[in-house]
Structure formats: C-alpha cells, structure tokens
Amino acid sequence: MKKILSSGLIIAAIWALTGCGKSGNGELTGVQGRGKWFEPAPYGMTFIHRGSINIGPNDQDPTWSSTPTKTVSIDAFWMDDTEITNNEYRQFVNWVRDSIARTLIGEQYPEFMISEDQDGNIIDPPRINWDERLEWNNPDYVDALEEMYIPTNERFFGKKEIDARKLFYTYHWIDYKQAAKSANKYNYETESYEGTVFDQNGEERPIENRSSFIFSETTFVHPDTLVWIRDYTYAYNEPWTSKYFWHPGFDDYPVVGVTWKQAKAFCHWRTKLHNEYLDGVGEPVIQDYRLPTEVEWEYAARGDKDISMYPWGGYYTRDDDGKFLANFKPFRGNYVEDEGLATLRVGNYDPNMFGLYDMAGNVAEWTISAYDESAYMYINDFNPNFEYNALPNDPPVMKRKVIRGGSWKDISAYLQVSTRSFEYQDTAKSYVGFRCVRSSFGNEF
C-alpha cells in the first residue's frame, strides 16, 4: 500500500511541475538544465576579435592603385598561430593510413570494427575500433594489409613501403548555398521539395529529400614531394624531395605540395577528430575547422592596424638593426640574406599584434575564396566572401583560388597584406601551404 501511495505522489508531483506542457511558474525561462558553456582556446590557435577594416591597397601602395578599397566587417574567429607543419599534416596522413589498414583487417577480424552501439543497435556502416591494437608485423594481418604496399615489381631496391597513391580520405559536406535558394524551399503543403540541385558533375537533378544537399568528396592526401623538382628547371633539389616531408629535421617546417582540395580535406578531418573526442566525453561540438576567407586572412594579417603595408605594421622589410623581418627573396637570387634558403621553421620571426607568425613570407597560404579580379566590387560588406565549387569540366579560370602572404621565393611586393594572388585548386607547389581558422562564439569580445 505504501509503495502504491509513494508512486502516486511521485506522479502527482511530476504532473504539477510539468503542468500539461507548462514549465516552472508559468514564466518564460527557456530550456533548463543545459548549463553554462564557454569556449576554451583551441590548442595552437589565437583569437581574432570581430572588427572592420578597409580591404585593398593603402595610400602607400601605388602599384595596385587601380584596385578598389572597401570597408567590411568580420565575425570573431580563431586562427592557427603558425602555418600547418609537416608533423601536423603527417598526423592526418597516418590517420588515413591506419583507418584503411583497420578497415582491411576488419574484414577478417570483426574486433577491429564496431557494428553495434551500447544499446545493441546496429551501426551501418560499422565504425572503426581505434582501441584495438594495430600491429603491422603481426603474421595474422600480413595478408590483409598486403594491398596497402607498393607492388613488388615497382619497389625501389626491393624496399617494402606503404603505397602513398592509395591513401584517400572520403568525407561528406552540406551545400548550404543550394539549400538556401528560394526555389529549393521545402513546401509544407505538398510535403516535398520542388527545386533542383546541381550535383558535383554539374548535372541538374530534382531534389528528392534533404540528402540531395549532401555531397561526397574523395581526396588523395599525401603531399606531392616532387614539387621541389617540378617547380624549378635546371636545379638540384633532390634532397628536398626525398627528405622534406618525412625527415624529423623538417618536422616544424610548413607543409607544402598540398593542393587546395587536400587542405580542405585536412580541415574536415581535424573537425572530425575534435568533435568525436568531445562527443565521447559528453561535451558540445565545436564550429568546423576550415580555410580562412580571403578577407579574414587580410584582417588577421593586418594585426589590428588600420593602415598597414606589412603584418608588422611598418613600411620596410628590415628592422632598426638592418635584419629582415620575414622569409622572402630580398635581392636578385640572394635567398640566404634573410637567414633562410627556402622554407624555415614556423615562428622563426616575431608575430604580429594578433600573435600570428609568418603572415608574410615562408609559404603563401590557401584561402577558401575563389579568385576574381573584380571580387571587391560585389562581395558583401558583412563577412564577405566569394566561393565557387568548380566542376570537373569547368575551364581553368574557374578553378583559381586566392593565395595570400607571399613566400620564401617571392619579392617583397607579394608580402604586403593587400596583395592578391592565386593558384589553381588542383595544383601543388613548393611555396604554398595553409593554416586553419575556426569561427568563434565570442561575439561579445
């Protein structure tokens, strides 16, 4: 009797609190129990507060006098304080390598894959079990992993090595721009979509459901180490080709030989890596890591200075002692005058006022923005960006992406914060790298 009475009192109490869908004392209080949240500083990133700038050349830059200027405003974001290094990018390559290996082994040994969640629900497709130890020399796994190695008839001096040509990363993304078109809105009366979308091959297809806005991308991840030879005719750069990416002596040097698409894939993987950890410990996920927009990059490079020709704020490339302030090509062929021959370790020179290193020189950097000579004429003044997802059959001019900052092989004009340049999205160069940004929730700063 007491047990039944207690249960009845509990039910009555719950009914009183919920009140037929009402909450609390009838006041608007919002959803309770969510707790307060703050955004911790991401490792290796610096905070760039929201603000406005005049993009384009300044009065001391006559060489670009025909380029218009424009006042724009930008949300707060986080930015890597240095360019992505060889060692950081190698973590991505190794993750892709190990994920492929675990998938292959999982076809014979189910413990390498997770096919059910904690409640016994089927996971389809199964997820990789990263807790299972991967032993490359285990005799039981040799046959399963054989296809990951370079074929015997292609090996140099018989050396057994992982075939870098087989390291691909597949990810999915949502095309919000197509989803946001008025013609593609969901019709609540017919309970269907009436618009069309263009797929990755440029073909127009009717919208079937929400999944029509999801696209898949498969990208080769290993850097092109041959860029050190391909970019320079009649030069001896074989040592850079054979050692630059893999040798520990170059761990803290900026990664190069990475295409725009590879840089995008890295950002997606970095987001996945971080969010899976946060989800595992019950924490809210973060904003996506991504490449900066062209305007975000310029705003960050200026370092909170309204009129700035270079990231350090001055009009000259030397300090008071006559030392160069960045890694570039100061004289005709005299690369070593600024302490380096080609790339240097990241953070070798002083940071700008935002705490960002190498925003001028060392390597030029990919942005997410498509290159158009007249972009400043039509981009919005609120978080401006011009982005275009080039289709496979588009002409090369549509595949140009903005690079910023100049590199170790460029003269000082390319180091100026307002200088715009481009490379093609499917090309890799020995003088182009990248760094990531992440939008912030910190608009109050």
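Helix H8 (residues 294–302) is mostly covered, with nine of its nine residues buried, where buried means under 20% relative accessible area for a 1.4 Å probe and protein chains only. The model is predicted, so local features need pLDDT of at least 70 and side-chain atom pairs count only at pLDDT 80 or more, while totals for chains, interfaces and linings use all residues. Residues are numbered from 1 along each chain as its sequence is written, and side-chain values use heavy atoms, with hydrogens and water left out.

**Helix H8**
- Among the buried residues of H8 are Glu-294, Glu-296, Trp-297 and Arg-302.
- Just after H8, Gly-303 adopts a positive phi of about 60°.

**Packing of H2 and H7**
- Helix H2 (residues 86–106) packs with H7 at an angle of about 80°, and their axes lie 11 Å apart, which makes H2 roughly perpendicular to H7 (a class that covers 65 to 115 degrees).
- To this contact (heavy atoms within 4.5 Å), H2 brings Glu-88, Tyr-89, Gln-91, Phe-92 and Trp-95, whereas H7 brings residues including Phe-266, Trp-269 and Lys-272.

**Largest pocket**
- The largest pocket holds about 1700 Å³ of space, a pocket being an open set of points on a 1 Å grid where a 1.4 Å probe fits, with protein on both sides within 12 Å along at least five of seven lines.
- Its lining comprises 43 residues, and Trp-173, Ile-174, Lys-264, Glu-387 and Asn-389 lie nearest the centre of the pocket, lining residues being those with an atom within 4 Å of a point.
- H7 (260–280) is one of the elements that supply at least two lining residues, and the largest share, seven residues, comes from H7.

Terms used: Grid points are joined across faces, edges and corners, and a volume is the space filled by probe spheres set on the points. Helices (H or I, at least four residues) and strands (E, at least two) are DSSP runs, numbered from the N terminus. Axes are lines fitted to C-alpha atoms, for helices over the stretch in contact, and angles run from 0 to 180 degrees between N-to-C directions. Angles under 35 degrees count as roughly parallel, over 145 as roughly antiparallel, 65 to 115 as roughly perpendicular and the rest as oblique. Buried means under 20% relative accessible area, exposed over 50%, partly exposed in between (1.4 Å probe, protein chains only).
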